[in-house]
Amino acid sequence: QRDVLMAMAAIPYCLLAARRIEGPPAPGRLAIGVVVLAALAFALKPYFLMVPLMVEGLVCWRRGFARAARDPVPWLMAMVWVAYLLLVLAAFPAFYQKILPFAWEVYGGIHGPGPWRVLVTDMMGAAMFLLLVAVVATVRWQAGAFAQALAVAACGAFFSAWMQHKGWPYHVIPITILACGAIVVAAARWVDRALPRASAHAVAPVLAAV
């Protein structure tokens, strides 16, 4: 599903966001590859744009607006989205002439629980609890920028799923992937701080396997 592909592409994008906040800078070609891949994944559904919006908000907050505005990453993503849209309009006229009207008529008619009842379904309810744990685990700066980027990306994935208000499993999976990632990274940072260096080296392979 497109939702799973988006969540997978969001992970290296969040790591790049962390390096933009804390450093060291990522190599240019590697950063460009990550940004282009993430931008294409976020373009798969308009709802997915909530994820980079939340992550770039975190970068702006941590770095300051002036420095964030000079960062080429969001501008490169915007260029990819414009090129993507122009390519669709120019090369695939059937998409907006036939597919979009058909999807609007059929998909819109598949009613889910609705925007409020969906929040108390088993899928979205469990995802909200997991998201809350991730946010609490990463709210302090000691959790690290990578964990925080994953947590805010999970928040963006939550809003994406909520806007679709159907509560289908694959709508919720990105929340699970990114929130679990945030919790794991925050826990790893805590272990790094809590254990002596020798002990941390000894238990690292076991924790990684877990």
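**Helix packing, core and aromatic pairs**

Reader: Pro24 lies in the loop between H1 and H2. Helices are DSSP runs (H or I, at least four residues), numbered from the N terminus. Which residue does the cis peptide bond join to Pro24?

Author: This is a predicted model: local features need pLDDT of at least 70, side-chain atom pairs count only at pLDDT 80 or more, and totals for chains, interfaces and linings use all residues. Numbering runs from 1 along each chain as its sequence is written, and side-chain values use heavy atoms, with hydrogens and water left out. Most peptide bonds are trans. Here omega is about -5°, and the partner of Pro24 is Gly23.

Reader: What is the phi of Gly23?

Author: Gly23 follows helix H1. Its phi is positive, near 80°.

Reader: How far apart are the end C-alpha atoms of H1?

Author: H1 covers residues 2-22, so it has 21 residues. The expected span is 1.5 Å times one less than the number of residues. That gives 30 Å, and the computed end-to-end distance agrees, at 30 Å.

Reader: At which residue does H1 have a kink?

Author: The bend is the angle between axes fitted to the seven residues ending at a position and the seven starting there. In H1 the kink is about 25°. It comes shortly before the proline Pro12, at Ile11.

Reader: Which helices do the buried residues of H1 pack against?

Author: Buried means under 20% relative accessible area, exposed means over 50%, and partly exposed lies in between (1.4 Å probe, protein chains only). Buried residues of H1 include Met6, Tyr13, Leu16 and Ile21. Contact means heavy atoms within 4.5 Å. The packing partners are H2 (28-42), H3 (50-63), H5 (72-91), H8 and H9 (169-194).

Reader: How far apart in space are Ile21 and Leu58?

Author: Ile21 is in H1 and has 16% relative accessibility, so it counts as buried. Beyond four places in sequence, Ile21 touches Leu58, Val59, Arg62, Arg63 and Ala145. Ile21 and Leu58 are 37 residues apart in sequence. C-alpha to C-alpha, the distance is 9.0 Å.

Reader: Which residues does Gly156 touch?

Author: Gly156 is in H8. With 0% relative accessibility, Gly156 counts as buried. Leaving out residues up to four places away in sequence, Gly156 touches Met50, Val51 and Met54.

Reader: Are the rings of Phe158 and Trp162 stacked, edge-to-face or tilted?

Author: Rings of Phe, Tyr and Trp (its six-membered ring) pair if their centres lie within 6.5 Å; planes under 30 degrees apart are stacked, over 60 edge-to-face and the rest tilted. By this rule there are seven aromatic pairs. The centres of Phe158 and Trp162 are 6.0 Å apart and the planes are at 40°, so this pair is tilted.

Reader: Which residues form one aromatic cluster?

Author: Phe158 and Trp162 lie four residues apart in H8 (residues 145-164), about one turn. Phe158 is buried at 8% relative accessible area, whereas Trp162 is partly exposed at 22%. The cluster is made of Trp116, Phe158, Phe159 and Trp162.

Reader: What is the phi of His165?

Author: His165 is in the loop between H8 and H9. It is partly exposed, with a relative accessible area of 29%. Most residues other than glycine have a negative phi. His165 is not a glycine, yet its phi is positive, about 40°.

How values were computed. Helices (H or I, at least four residues) and strands (E, at least two) are DSSP runs, numbered from the N terminus.
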